[in-house]
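Reader: I am new to this structure and would be grateful for a close look at a single part of it. Please describe that part in one connected account.

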Amino acid sequence: MTDELRRQGLDRLRGARVLVAGGGMSGRATLGPLADLGAVVTVADRDPQALARCRELGADTVDLDDLVADASSLHAYALVVTSPGFSPDAPLLSHAAGAAVPIWGDIELSWRIDRAEIYGPPRRWLVVTGTNGKTTTTTMLQSILEAAGLASVACGNIGLPVLDALRRTEPRADVLAVELSSFQLHWAPSVRPEAGVILNIAEDHLDWHGGMAGYIDAKARALTGTVGVLGLDDPIAGSLRDRSRAVVTVGFTLGYPQAGELGISGDVLVDRAFADSAVLAAVADVTPAGPAGLSDALAAAALARAIDVPA
């Protein structure tokens, strides 16, 4: 574990000061793991109630505006862990970057902690992102995993922080169905999921990302692991095959699937990406019904099939 701690940059946190930007749910979820790593944690937020809750959890706190006003104090920190709502040009993060303080998102921290086996052997990450349909797809995916008998949990942007999922030992989840927003992906450059899907991409959060190119770049981080999955019926997501850094990239469509795709043949969902032609389910059995539900079901099935869940 010591070598992996070093590779993940976690060994240097013992006894070091770490600043957590944001005292909401994702910020609070970092406090226990950072304490487990031996870090001395301070939380910055504007909300007095959020800061009070963090103090109850053992963290030091500082008013966000006071900290920004005294930017030179950031040199005292070895790391900033940011909540996803903070954009790259937020004054706190701009000052941290100017002071050469590394900035990780809570998902980046989660990934490094998992790879370092702080809470047991690494989990298998299945990542879901897209402008629309993330939560439905993640919920479907977790249902498929559970039906297959795999110890799994839905986490991330769906409500349960990934760090909380990692710290759970009873029951332990070996597979994570992880819903990630573009904000979370932006701050998580190291994540390499076993499989990741981009459902669709439409103009959203462009101010945060500095334009459409930045938004697409963030979403494309889901395509950096073993299997990348693309929603082929969406003009932007479907065009990203050449951008994928996954070892294998497949797609899904509401039409009849070609080789390397999942789709619909008559009244059934069919996998031609991970089999010659495997029937997955009847169209009539998919809930919610309709094109959006079917598309989400195909995406969820693709991620499950990527880790050899039987048809």
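**A helix pair and its surroundings**

Author: In this predicted model, the axes of helix H8 (residues 134-147) and helix H13 (residues 291-306) come within 8 Å of each other and cross at roughly 50°. The crossing in which H8 passes H13 is right-handed.

The residues that form this contact can be named on both sides. From H8 come Thr-136, Thr-137, Met-140, Leu-141 and Ile-144. They meet Gly-293, Asp-296, Ala-297, Ala-299, Ala-300, Ala-301, Leu-303 and Ala-304 in H13. Sorted by class, the contact of H8 with H13 comprises 9 nonpolar, 3 polar and 1 charged residues.

The largest share, 4 residues, is supplied by H13. By class, the lining divides into 12 nonpolar, 1 polar and 2 charged residues.

From strand E14 the account can pass to the loop between E14 and H13, where Pro-288 is found. A cis peptide bond joins Thr-287 to Pro-288, with omega of about 5°. For context, most peptide bonds are trans. A cis peptide bond also joins Glu-170 and Pro-171, and its omega is about -10°. Pro-171 is placed in the loop between helix H9 (162-167) and strand E8 (175-179).

One further backbone feature deserves mention. Glu-117 has a positive phi of about 60°, although this residue is not a glycine. Its place is in the loop between helix H7 (106-115) and strand E6 (124-129). In general, most residues other than glycine have a negative phi.

Definitions and conventions. Residues numbered from 1 in each chain as written. Predicted model: local features only at pLDDT ≥ 70, side-chain atom pairs only at ≥ 80, totals over all residues. Heavy atoms only, no water. Axes fitted to C-alpha atoms, helices over the stretch in contact; angles between N-to-C directions. Helix = DSSP H or I, 4+ residues; strand = E, 2+ residues; numbered from the N terminus. Left-handed = near helix turned anticlockwise from the far one by under 90°. Contact = heavy atoms within 4.5 Å. Nonpolar A, V, L, I, M, F, W, Y, C, P; charged D, E, K, R; others polar.
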